[in-house]
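Welcome! Take a moment to look over the sequence and turn the model around, and then we can walk through it together.

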Amino acid sequence: MDTNRLAKELREIQSDTKSGVTVEVLGDNLAHMQGTLKGPEESPYEGGKFYVDIQLTNSYPFEAPKMRFITKVWHPNVSSANGAICLDILKDQWSPALSIKTAMLSLQALLSTPEPNDPQDAVVARQYLDSYEEFVKHAKEWTAKYASENRKDEKEEKLKEMGFGEAAVRNALSRAAGDEQQALELLLTGL
Amino acid sequence: MSQASAPSIDDWRCPVCLEMLCKPVVGACGHVFCFWCEHKSMDVFDKSSCPTCRMPFSNLPAVCEALHFHLGRTYPKEYARRLRECHEEEKKTGNFSPNPTPVFLFDFSKVNELLSRGLQNRGSEKRLFDFLEAQEPMTEPDMNGIFECTPGMEDVETHVLWEPVVLNCGHAVCKSCASSTLTFGPGSTSLCPCGDCRMRVVGDKMPAVCKLMQRVIEASPIAERVRREAALREEAAWVNAETELAEEEEEEEDHDGEEEEDHDGEEEEDHDGEEEGEEANPLPGAVPEGGEADVDVDDLRPNPETFVHVAVGCDACGVYPIKGRRFKCIDCPERMGFDLCGACHGLVEARFVERGPRLGAIEGRFNQQHRPGHRMREVHPVPNFFHILQQRHPDLNPRQIMNFIEEQILAQQEGGDGDPITNAADNIVAEILDNLEPNVDGAVAAEEGTAGGNIMEAGLEGGPVEDVVRADAEAEELLTRQLFGDEDEEEEEEEEEGDVEVEYLSEEDEELAADARRRGLDAS
Ligand SMILES: [Zn+2]
Ligand SMILES: [Zn+2]
Ligand SMILES: [Zn+2]
Ligand SMILES: [Zn+2]
Ligand SMILES: [Zn+2]
Ligand SMILES: [Zn+2]
């Protein structure tokens, strides 16, 4: 893997605070990262913060990064079961001139403009095409339930009340992609 | 015409590695990448597409000397650092890129000094980098030394480039010179007009102008003069063409002082080829359209005219992979091997006869020094795992097939029962056999046990895949090396240094190779 390029990419992402996209390396393994993106305005995902699991193969950047939503998303091109994403640039339309950041931005754009005719989740796509209003309602519910930043603050408070330090709580929650139970486990096992 | 500012150091950043370009190559769309970045971006099995604009292309371009020299002169320290990095990488892989002769990098008063220090010899890269690093940057581009067009027309003198298009051999020609002297597309017999290059002009259409190079030219102090001269040449060429047209009673075209009409189906590239290139015409010898969806077992019998030599490129025209006939040098010692496509084979043979032993030598894409007297052997198509899996899974792209094979091997490794490579190979064979209809040609099955190493080599490294039959042990050893690190490799290479490394095709060839070794010793 081209670690030089990766370091450059990460520096670039960190210096950019406007795009609403973040990427962090998890632990020592450069090939495993976690990204977050803000739900686009005027979409059912507005107000949400979505966690994305990013894995690189040895051939990166000559092979697309493997990306998957960790946060549950109700979207025609995202599996509601496992977060798998159907997006051409993550498959055969990948080019080594793209980057992790451009891929994250494309995911963000995908949230705004679903492609129901090339679905990852057939059920969601069907609903999107047949009863759009229900789809929007469902997607908003999921955003509030699984991707809400406020919810995250609540969780943070709860864990802090249990006696853990603020930094540790934040770190654990971020590594657990906002999953309270998993964050608690991380805190308890001291990992 | 908008006045461009000279490219800044950031404009020379490769879009793939994000570093300063190193040994730049210019694609047919005019986009520029490092030689190795472009090579690694290419599809080992089929047409590639430009990382920036996705325009399809089939040929790995040679290093563009003009840009290479320009970078060396303008940013000697940074460029020396990049060349060093690149060379260190190359030493790890054992595959090298050419080092275009550096004597023109600085003014001609330095030529003797450079020659006396032997700087342009192979093996003296370190000294070259040191020399380059010690130079002061030049503040103005060397228009006459570097950005020169040699169109090879009787009535046109050498001049400074204007709107340069870069041919596949890495040489640049003005767009208007190219359109009046060269033909592009299937059936073209044009050769590069620059100096003693004379390589085949390939590609589906005329390359787009290299905007980056044009910016250097437009920002130079003599830009205005160059532009005027170019306009005059174009006008002259235009008058000529018009006369011919009148004679031949061609279709009428409205010339309103605009540029040439294009005979070559070339698109006007006003925005840097940014739009998607249309699906290009197949090259001669390319796999014909259709017949892809329905896989017939009969297709597994290779057709020599259309067979894809996975991950093997032609060292003269750069076509990658070679489709159709393929010839391999059994005397070139470089690890990458030296291969030619059917069309270039004849041309190179003729060149040897014409120029004799010293001047006829040609430099391969990977700096192989192929000389007259070297013997070429035709490599007969033998399908390997890769071809078979591709046939079985037309929905998978080559990288996915590579992943599939890799996964098989990793799965076996984790299982820990027996030798992982043998088991993985067995699994893949089983998978293939499961899918094959019973009447499959016996020849296919016979090859399967030996081809694994080749596939891995292709996918993990983009190196050559030899279609020759290896002994099982050899293939396995190669697999091990590719998958689990190169520790043994260096030793091995040192042992073999100076030796002639040949893929044995048969006992007969083994004899020939031994003969080559003897002659190699005699020659030195
Ligand atoms: Zn590069
Ligand atoms: Zn391009
Ligand atoms: Zn040339
Ligand atoms: Zn010219
Ligand atoms: Zn060729
Ligand atoms: Zn040779």
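**A walk through the model**

On the surface, Asp88(A), Asp92(A), Glu115(A) and Asp118(A) come together as a patch of negative charge. Such a patch takes residues with over 30% relative accessible area and no salt bridge, with like charges joined within 9 Å; a salt bridge is a side-chain nitrogen of Lys or Arg within 4 Å of a carboxyl oxygen of Asp or Glu. Asp and Glu count as negative, and the place of a charge is taken as CG of Asp or CD of Glu.

This is a predicted model, in which local features need pLDDT of at least 70, side-chain atom pairs count only at pLDDT 80 or more, and totals for chains, interfaces and linings use all residues. Residues are numbered from 1 along each chain as its sequence is written, chains are lettered from A in the order in which they are written, and side-chain values use heavy atoms, without hydrogens and water.

Glu115(A) sits in the loop that links α2 (100–112) to α3 (122–130) in chain A. Its relative accessibility is 48%, so Glu115(A) counts as partly exposed (buried is under 20%, exposed over 50%, partly exposed in between, with a 1.4 Å probe and protein chains only).

Now step back to the whole chain. Chain A has 7 helices and 4 strands (DSSP runs: H or I of at least four residues for helices, E of at least two for strands). Of its 191 residues, 49% are buried.

Finally, visit chain B, where Glu78(B) belongs to helix α3 (residues 76–93). Glu78(B) is partly exposed, because its relative accessible area is 33%.

How values were computed:
Patches are made of residues with over 30% relative accessible area and no salt bridge: like charges are joined within 9 Å, nonpolar side chains (Val, Leu, Ile, Met, Phe, Trp, Tyr) within 5 Å. Accessible areas come from the Shrake-Rupley method with a 1.4 Å probe; for residues, only the protein chains shown count as cover.
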